Amino acid sequence: MSNASSILVFSLSGFSATVNYRITFFSLTLLCYGLILVVNVSLILTIMLDQNLHEPMYIFLCNLCINGLYGTAAFYPKFALDLLSDVHVISYVGCILQVFVIYSYATIDFSILALMAYDRYVAICRPLVYHSVMSARRTAVLVSLSWLVPLCCEVVVITLTSRLKLCGTKIQKLYCENWSIVKLACSSTAANNVVGLIIISFYCGHVLFILYSYVRLVNSALKSQESRRKFTQTCVPHLLCLLNVTAALLFDTMYSRYGSASVPQNVKNFMAIQFLLMPPLLNPVIYGLILTKIQYRVTTFLSCTFNSY
């Protein structure tokens with residue numbers, strides 16, 4: 001972190017396009033963040049308070065919602081304050097912390113989705129051994145790894161980024177992201193590029209694993225009506241969540257590295273916040289609408305809450 005003394009703050013130039021609509025964007029931000037908090041907390045409480053939902057699939061879903069709250073907490077409060085401010089800056093330490101949380105949020109999402117795919121594969125393709133394979137102890141280990149491995153990966157990324165000698169302070173986004181900082185470096189970034197490629201390949205492997213699981217699941221689902229029912233009820237929402245997360249992240253990653261400078265700033269901003277807006281908002285909604293157990297428990301919980309008033 002020796003570079004922290006030379007670069008004290010970064011400026012976020014992405015806010016240049018929001019000046020004339022700051023109140024509108026601020027109101028929409030509060031609405032979106034409020035909805036994210038409500039839908040995720042509702043699902044977390046529903047799963048935690050109902051013993052019947054203490055099964056691997058719902059535990060993974062609960063962790064997916066917790067991760068959504070973790071990731072969005074690094075963006076929305078700061079973003080909302082910046083919309084009302086005339087100066088859009090972030091400290092060096094704050095920027096590094098934001099990079100760590102947002103990047104680890106994205107990779108944890110993929111880890112949990114991979115676990116959910118494995119869980120569905122065992123439940124549908126190997127139902128007789130499901131309870132022995134997905135035991136409480138193994139579920140706890142898998143959940144722990146789905147958090148620890150991404151966090152360790154991001155520690156390595158942040159360590160390499162913090163050692164770079166920077167020759168600029170202007171980040172052309174609404175928030176700090178690693179590639180934007182690396183582009184400001186006037187020292188070698190070879191190690192950053194290699195490690196970044198390894199981590200991207202590692203999580204592309206997660207996607208390939210999920211797709212392989214779905215090929216096996218589809219083959220199994222075609223064999224019986226019961227398998228088709230399980231696939232429709234539990235795998236379709238998972239597939240929608242995977243497409244949601246992957247499309248949003250691919251949007252941001254590809255544009256950050258290869259996007260055209262001629263694209264309007266508003267379009268750049270919208271593309272940059274896709275993965276912080278759509279997955280944490282839509283994932284719990286998708287599961288809440290499609291999974292009958294969740295739908296029933298949430299409806300019961302809300303009706304009891306309103307009746308108490």
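Valine 93 lies in helix H4, which covers residues 92-125. Helices here are DSSP runs of H or I with at least four residues, strands are runs of E with at least two, and both are numbered from the N terminus. Is valine 93 buried or exposed? At 54% relative accessibility, valine 93 counts as exposed. Buried means under 20% relative accessible area, exposed means over 50%, and partly exposed lies in between (1.4 Å probe, protein chains only).

Valine 93 and valine 9 are 84 residues apart in sequence. In space, their C-alpha atoms are 8.4 Å apart.

## The model and the whole chain

This is a predicted model: local features need pLDDT of at least 70, side-chain atom pairs count only at pLDDT 80 or more, and totals for chains, interfaces and linings use all residues. Residues are numbered from 1 along each chain as its sequence is written, and side-chain values use heavy atoms, with hydrogens and water left out.

The chain holds 12 helices and three strands. It has 309 residues, and 48% of them count as buried.

A contact means heavy atoms within 4.5 Å.

## Helix H1 against helix H3

Helix H1 spans residues 22-49, and helix H3 spans residues 76-84. Their axes come within 9 Å and cross at roughly 165°. Axes are lines fitted to C-alpha atoms, for helices over the stretch in contact, and angles run from 0 to 180 degrees between N-to-C directions. H1 and H3 are therefore roughly antiparallel to each other. The cut-offs are under 35 degrees for roughly parallel, over 145 for roughly antiparallel and 65 to 115 for roughly perpendicular, with the rest oblique.

Which residues of H3 make the contact? They are Tyr76, Pro77, Phe79, Ala80, Leu83 and Leu84. On the H1 side, the residues include Arg22, Phe25, Phe26 and Tyr33. By class, this contact has 12 nonpolar, one polar and one charged residues. Ala, Val, Leu, Ile, Met, Phe, Trp, Tyr, Cys and Pro count as nonpolar, Asp, Glu, Lys and Arg as charged, and the others, Gly among them, as polar.

## Isoleucine 44 in H1

Isoleucine 44 is found in helix H1. With a relative accessible area of 10%, isoleucine 44 is buried. Leaving out residues up to four places away in sequence, isoleucine 44 touches Cys62, Cys65, Ile66 and Leu69. The C-alpha atoms of isoleucine 44 and asparagine 63 are separated by 8.1 Å. Along the chain, these two are 19 residues apart.

## Helix H2 and its partners

Helix H2 (residues 56-73) packs with helix H6 (residues 136-162) at an angle of about 25°. Their axes are 10 Å apart. H2 and H6 are therefore roughly parallel to each other. From H6, the contact uses Thr139, Val143, Trp147 and Leu151. From H2, the residues include Asn63 and Ile66. The contact divides into eight nonpolar, three polar and no charged residues.

H2 also packs with H4, at about 170° and with axes 9 Å apart. H2 and H4 are therefore roughly antiparallel to each other. Their contact has 15 nonpolar, five polar and three charged residues.
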